[in-house]
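A guided reading of the model would be welcome.

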Amino acid sequence: MIDPLLVPTKLLDFDAAPLARLIENRSWRGLSEYDRIGAAYDFVRNEIAFGYNRADDIPASEVLSDGYGQCNTKSTLLMALLRGVGIRCRLHGFTIHKGLQRGVVPELVYPLAPQEILHSWVEIEFQGAWINLEGFILDDAFLDVLQTSFSDTESLCGYGAGTDCLGAPPVAWNGEDTYIQKTGIVQDFGVFDTPDAFYFSHEQSFGWLRGALYRHIIRHWMNARVRGFRSDRLKTDRRATHAHEEPANAT
(Lines give C-alpha, C1' and ligand atoms only; values in the text may rest on other atoms or scores of the structure.)
Protein backbone atom coordinates (compact mmCIF):
# COMPACT_ATOMS: atom_id res chain seq x y z
CA MET A 1 0.00 0.00 0.00
CA ILE A 2 1.31 3.45 -0.94
CA ASP A 3 1.96 5.74 2.03
CA PRO A 4 0.41 9.16 1.21
CA LEU A 5 2.94 10.91 3.47
CA LEU A 6 5.92 9.59 1.51
CA VAL A 7 4.91 9.99 -2.14
CA PRO A 8 6.11 12.69 -4.57
CA THR A 9 3.62 15.22 -5.93
CA LYS A 10 3.71 18.06 -8.44
CA LEU A 11 5.14 20.36 -5.74
CA LEU A 12 7.03 17.70 -3.76
CA ASP A 13 9.05 16.65 -6.79
CA PHE A 14 11.91 14.89 -5.01
CA ASP A 15 12.10 12.56 -7.99
CA ALA A 16 13.22 15.50 -10.16
CA ALA A 17 16.87 15.28 -11.15
CA PRO A 18 18.20 18.26 -9.11
CA LEU A 19 16.69 17.03 -5.84
CA ALA A 20 17.54 13.37 -6.46
CA ARG A 21 21.11 14.40 -7.25
CA LEU A 22 21.36 16.51 -4.09
CA ILE A 23 20.16 13.66 -1.88
CA GLU A 24 22.52 11.22 -3.59
CA ASN A 25 25.56 13.52 -3.48
CA ARG A 26 25.06 14.27 0.21
CA SER A 27 24.62 10.54 1.04
CA TRP A 28 21.68 11.40 3.26
CA ARG A 29 19.89 8.08 2.83
CA GLY A 30 22.69 6.29 4.66
CA LEU A 31 22.24 8.34 7.83
CA SER A 32 20.19 7.50 10.91
CA GLU A 33 16.60 8.75 10.98
CA TYR A 34 17.54 11.58 13.35
CA ASP A 35 20.47 12.66 11.18
CA ARG A 36 18.47 12.37 7.94
CA ILE A 37 15.97 14.86 9.37
CA GLY A 38 18.75 17.10 10.63
CA ALA A 39 20.63 17.07 7.33
CA ALA A 40 17.58 18.07 5.29
CA TYR A 41 16.49 20.61 7.90
CA ASP A 42 19.91 22.27 8.18
CA PHE A 43 20.24 22.42 4.39
CA VAL A 44 16.93 24.24 4.00
CA ARG A 45 17.58 26.49 6.99
CA ASN A 46 21.04 27.72 6.04
CA GLU A 47 21.89 26.76 2.46
CA ILE A 48 18.58 28.14 1.18
CA ALA A 49 18.64 31.80 2.18
CA PHE A 50 15.62 33.66 3.50
CA GLY A 51 13.97 35.45 0.57
CA TYR A 52 10.81 35.74 -1.50
CA ASN A 53 9.97 33.57 -4.51
CA ARG A 54 7.50 34.41 -7.27
CA ALA A 55 4.65 32.45 -5.60
CA ASP A 56 3.86 30.09 -2.73
CA ASP A 57 2.77 27.15 -4.89
CA ILE A 58 5.99 26.47 -6.76
CA PRO A 59 7.67 23.03 -6.84
CA ALA A 60 10.55 22.15 -4.56
CA SER A 61 12.93 21.95 -7.51
CA GLU A 62 12.25 25.61 -8.33
CA VAL A 63 12.92 26.64 -4.72
CA LEU A 64 16.21 24.76 -4.88
CA SER A 65 17.07 26.48 -8.16
CA ASP A 66 16.23 29.92 -6.73
CA GLY A 67 18.47 29.26 -3.73
CA TYR A 68 16.16 31.22 -1.42
CA GLY A 69 12.68 30.97 0.02
CA GLN A 70 10.21 32.00 2.70
CA CYS A 71 7.98 30.00 5.04
CA ASN A 72 5.80 28.33 2.41
CA THR A 73 8.38 27.65 -0.27
CA LYS A 74 11.00 26.47 2.21
CA SER A 75 8.34 24.17 3.69
CA THR A 76 7.75 22.63 0.27
CA LEU A 77 11.46 22.06 -0.28
CA LEU A 78 11.95 20.60 3.20
CA MET A 79 9.02 18.23 2.75
CA ALA A 80 10.37 17.07 -0.61
CA LEU A 81 13.81 16.36 0.83
CA LEU A 82 12.36 14.61 3.87
CA ARG A 83 10.17 12.35 1.77
CA GLY A 84 13.12 11.73 -0.51
CA VAL A 85 14.99 10.21 2.43
CA GLY A 86 12.01 8.27 3.77
CA ILE A 87 10.70 10.62 6.49
CA ARG A 88 6.92 10.85 6.76
CA CYS A 89 5.75 14.46 6.79
CA ARG A 90 2.75 16.68 6.26
CA LEU A 91 1.95 20.41 6.08
CA HIS A 92 0.19 22.56 8.70
CA GLY A 93 -1.40 25.68 7.25
CA PHE A 94 -2.02 29.04 8.91
CA THR A 95 -2.17 32.75 8.33
CA ILE A 96 0.12 35.22 10.08
CA HIS A 97 -0.44 38.91 10.79
CA LYS A 98 1.18 41.13 8.18
CA GLY A 99 3.07 42.94 10.94
CA LEU A 100 5.47 40.01 10.98
CA GLN A 101 6.73 41.12 7.56
CA ARG A 102 7.05 44.78 8.46
CA GLY A 103 10.53 46.04 7.83
CA VAL A 104 11.07 43.54 5.03
CA VAL A 105 8.08 44.96 3.16
CA PRO A 106 9.04 48.55 2.22
CA GLU A 107 7.03 51.14 4.17
CA LEU A 108 5.85 52.73 0.94
CA VAL A 109 3.88 49.60 -0.02
CA TYR A 110 3.25 48.13 3.44
CA PRO A 111 -0.34 49.51 3.56
CA LEU A 112 -1.10 47.50 0.39
CA ALA A 113 -0.19 44.19 2.04
CA PRO A 114 -3.10 41.91 3.06
CA GLN A 115 -3.84 41.92 6.81
CA GLU A 116 -3.18 38.17 6.93
CA ILE A 117 -0.50 36.33 5.01
CA LEU A 118 -0.55 32.63 4.16
CA HIS A 119 1.87 30.64 6.31
CA SER A 120 2.84 27.02 6.87
CA TRP A 121 5.19 24.75 8.74
CA VAL A 122 6.18 21.11 8.38
CA GLU A 123 5.14 18.31 10.70
CA ILE A 124 7.27 15.16 10.77
CA GLU A 125 6.64 11.80 12.38
CA PHE A 126 9.58 11.02 14.64
CA GLN A 127 9.77 8.35 17.32
CA GLY A 128 6.01 7.89 17.37
CA ALA A 129 5.14 11.59 17.72
CA TRP A 130 4.44 14.52 15.43
CA ILE A 131 7.07 17.26 15.61
CA ASN A 132 6.50 20.82 14.34
CA LEU A 133 9.30 22.32 12.23
CA GLU A 134 9.16 26.05 11.52
CA GLY A 135 12.56 27.30 12.66
CA PHE A 136 14.15 26.77 9.24
CA ILE A 137 12.65 29.92 7.70
CA LEU A 138 15.38 32.41 8.68
CA ASP A 139 18.96 31.44 7.89
CA ASP A 140 21.53 31.94 10.65
CA ALA A 141 23.18 34.90 8.90
CA PHE A 142 19.91 36.83 8.76
CA LEU A 143 18.85 35.77 12.26
CA ASP A 144 22.20 36.96 13.63
CA VAL A 145 21.51 40.42 12.18
CA LEU A 146 18.12 40.54 13.92
CA GLN A 147 19.59 39.39 17.22
CA THR A 148 22.29 42.06 17.05
CA SER A 149 19.99 44.84 15.91
CA PHE A 150 17.24 44.05 18.44
CA SER A 151 19.47 43.03 21.34
CA ASP A 152 17.35 45.15 23.69
CA THR A 153 14.26 42.94 23.34
CA GLU A 154 13.28 39.28 23.38
CA SER A 155 9.94 39.86 21.67
CA LEU A 156 9.96 40.66 17.96
CA CYS A 157 7.16 40.64 15.43
CA GLY A 158 8.70 42.02 12.27
CA TYR A 159 11.48 41.47 9.74
CA GLY A 160 10.26 37.91 9.15
CA ALA A 161 10.39 36.89 12.82
CA GLY A 162 7.60 36.28 15.30
CA THR A 163 9.13 35.16 18.58
CA ASP A 164 9.23 35.93 22.30
CA CYS A 165 12.75 34.52 22.68
CA LEU A 166 14.77 36.30 20.01
CA GLY A 167 18.07 35.86 21.84
CA ALA A 168 17.79 32.08 21.74
CA PRO A 169 14.86 30.96 19.57
CA PRO A 170 14.25 27.21 19.20
CA VAL A 171 15.49 26.92 15.61
CA ALA A 172 18.09 24.12 15.76
CA TRP A 173 17.04 20.52 15.08
CA ASN A 174 17.32 18.54 18.32
CA GLY A 175 14.42 16.13 18.02
CA GLU A 176 11.83 18.67 19.25
CA ASP A 177 9.62 21.43 17.85
CA THR A 178 11.32 24.42 16.21
CA TYR A 179 9.75 27.86 15.72
CA ILE A 180 10.62 31.36 14.48
CA GLN A 181 7.27 32.89 13.38
CA LYS A 182 4.87 31.26 15.83
CA THR A 183 3.75 34.41 17.68
CA GLY A 184 2.42 35.97 14.47
CA ILE A 185 -0.18 33.26 13.81
CA VAL A 186 -3.79 34.39 13.34
CA GLN A 187 -5.76 31.54 11.71
CA ASP A 188 -5.13 27.79 11.91
CA PHE A 189 -6.25 25.82 8.84
CA GLY A 190 -5.17 22.42 10.12
CA VAL A 191 -3.00 19.75 8.52
CA PHE A 192 -2.71 18.66 4.89
CA ASP A 193 -0.97 15.63 3.42
CA THR A 194 0.69 17.83 0.79
CA PRO A 195 1.27 21.49 -0.02
CA ASP A 196 -0.60 20.79 -3.26
CA ALA A 197 -3.76 20.11 -1.25
CA PHE A 198 -3.21 23.17 0.94
CA TYR A 199 -2.84 25.58 -1.98
CA PHE A 200 -5.81 24.01 -3.74
CA SER A 201 -7.93 25.05 -0.74
CA HIS A 202 -6.18 28.29 0.25
CA GLU A 203 -4.40 31.01 -1.69
CA GLN A 204 -3.01 34.42 -0.88
CA SER A 205 -5.62 37.05 -1.77
CA PHE A 206 -3.53 39.82 -3.31
CA GLY A 207 -5.93 40.63 -6.13
CA TRP A 208 -4.74 40.81 -9.74
CA LEU A 209 -2.97 44.17 -9.58
CA ARG A 210 -1.30 43.68 -6.23
CA GLY A 211 -0.34 40.14 -7.24
CA ALA A 212 1.35 41.38 -10.39
CA LEU A 213 3.12 44.15 -8.48
CA TYR A 214 4.33 41.62 -5.91
CA ARG A 215 5.66 39.13 -8.46
CA HIS A 216 7.39 41.63 -10.72
CA ILE A 217 8.45 44.50 -8.45
CA ILE A 218 7.76 44.28 -4.71
CA ARG A 219 9.32 40.90 -3.99
CA HIS A 220 12.54 41.96 -5.74
CA TRP A 221 12.54 45.10 -3.61
CA MET A 222 12.00 42.93 -0.50
CA ASN A 223 14.85 40.61 -1.48
CA ALA A 224 17.12 43.60 -2.01
CA ARG A 225 16.23 44.82 1.48
CA VAL A 226 16.99 41.41 2.98
CA ARG A 227 20.39 41.42 1.26
CA GLY A 228 20.97 44.93 2.56
CA PHE A 229 20.13 43.89 6.12
CA ARG A 230 22.75 41.16 5.87
CA SER A 231 25.19 43.96 5.05
CA ASP A 232 24.40 45.57 8.42
CA ARG A 233 22.02 48.24 7.17
CA LEU A 234 19.27 47.21 9.60
CA LYS A 235 19.94 49.54 12.53
CA THR A 236 19.15 52.66 10.52
CA ASP A 237 16.09 50.99 9.00
CA ARG A 238 14.86 49.96 12.43
CA ARG A 239 14.60 53.56 13.56
CA ALA A 240 12.31 54.27 10.63
CA THR A 241 9.93 51.33 10.96
CA HIS A 242 9.90 50.34 14.68
CA ALA A 243 8.91 46.80 13.68
CA HIS A 244 9.37 45.54 17.24
CA GLU A 245 6.37 47.67 18.26
CA GLU A 246 3.99 46.11 15.73
CA PRO A 247 1.22 44.11 17.48
CA ALA A 248 1.29 40.41 16.64
CA ASN A 249 -2.49 39.86 16.89
CA ALA A 250 -1.69 36.20 17.57
CA THR A 251 -4.24 33.71 18.77
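Predicted model: local features only at pLDDT ≥ 70, side-chain atom pairs only at ≥ 80, totals over all residues.

The side chain of Arg88 forms a salt bridge with that of Asp3, with an N to O distance of 2.7 Å. This pair joins distant parts of the chain: Asp3 belongs to the segment before helix 1 (17–26), whereas Arg88 sits in the loop between helix 4 and strand 3 (89–97), 85 residues apart. Asp3 is likewise partly exposed, because its relative accessibility is 22%.

Side chains of opposite charge can pair when their charged atoms come close. In this model the count of salt bridges comes to nine. Another of them connects Asp140 with Arg45, whose closest N and O atoms are 2.7 Å apart. Asp140 is in helix 5 (residues 140–149) and Arg45 in helix 2 (residues 33–47), so the bridge ties together parts that are 95 residues apart in sequence. The two partners fall into separate accessibility classes: Asp140 is partly exposed at 30% relative accessible area, while Arg45 is buried at 7%.

A further salt bridge is made by the side chains of Arg90 and Glu123, again with 2.7 Å from N to O. Here strand 3 contributes Arg90 and strand 4 contributes Glu123, the two being 33 residues apart. Glu123 is buried, because its relative accessible area is 5%, which is under the 20% limit.

The discussion now turns to empty space. Rolling a probe the size of a water molecule over the atoms shows where such space is left. The largest pocket has a volume of about 650 Å³. It is lined by 30 residues, of which Ala55, Asp56, Gln204, Phe206 and Tyr214 are the closest to its centre. Helix 4 (71–84), strand 4 (116–126) and helix 7 (208–230) are the elements that give two or more residues to this lining. Helix 7 gives the most, with eight residues. By class, the lining holds 17 nonpolar, seven polar and six charged residues.

Cys165 lies in the loop between strand 7 (161–163) and strand 8 (185–192), and counts as partly exposed because its relative accessibility is 29%. Apart from neighbours within four places in sequence, Cys165 is in contact with Glu154 and Pro170. The C-alpha atoms of Cys165 and Phe189, 24 residues apart along the chain, are separated by 25 Å.

How values were computed:
Residues numbered from 1 in each chain as written. Heavy atoms only, no water. 1 Å grid on protein atoms, 1.4 Å probe; cavity = no way out; pocket = protein on both sides within 12 Å on 5 of 7 lines; lining within 4 Å. Points joined across faces, edges and corners; volume = space filled by probe spheres on them. Helix = DSSP H or I, 4+ residues; strand = E, 2+ residues; numbered from the N terminus. Nonpolar A, V, L, I, M, F, W, Y, C, P; charged D, E, K, R; others polar. Buried < 20%, exposed > 50% of the residue type's maximum accessible area, 1.4 Å probe, protein only. Contact = heavy atoms within 4.5 Å. Salt bridge = Lys/Arg side-chain N within 4 Å of Asp/Glu carboxyl O.
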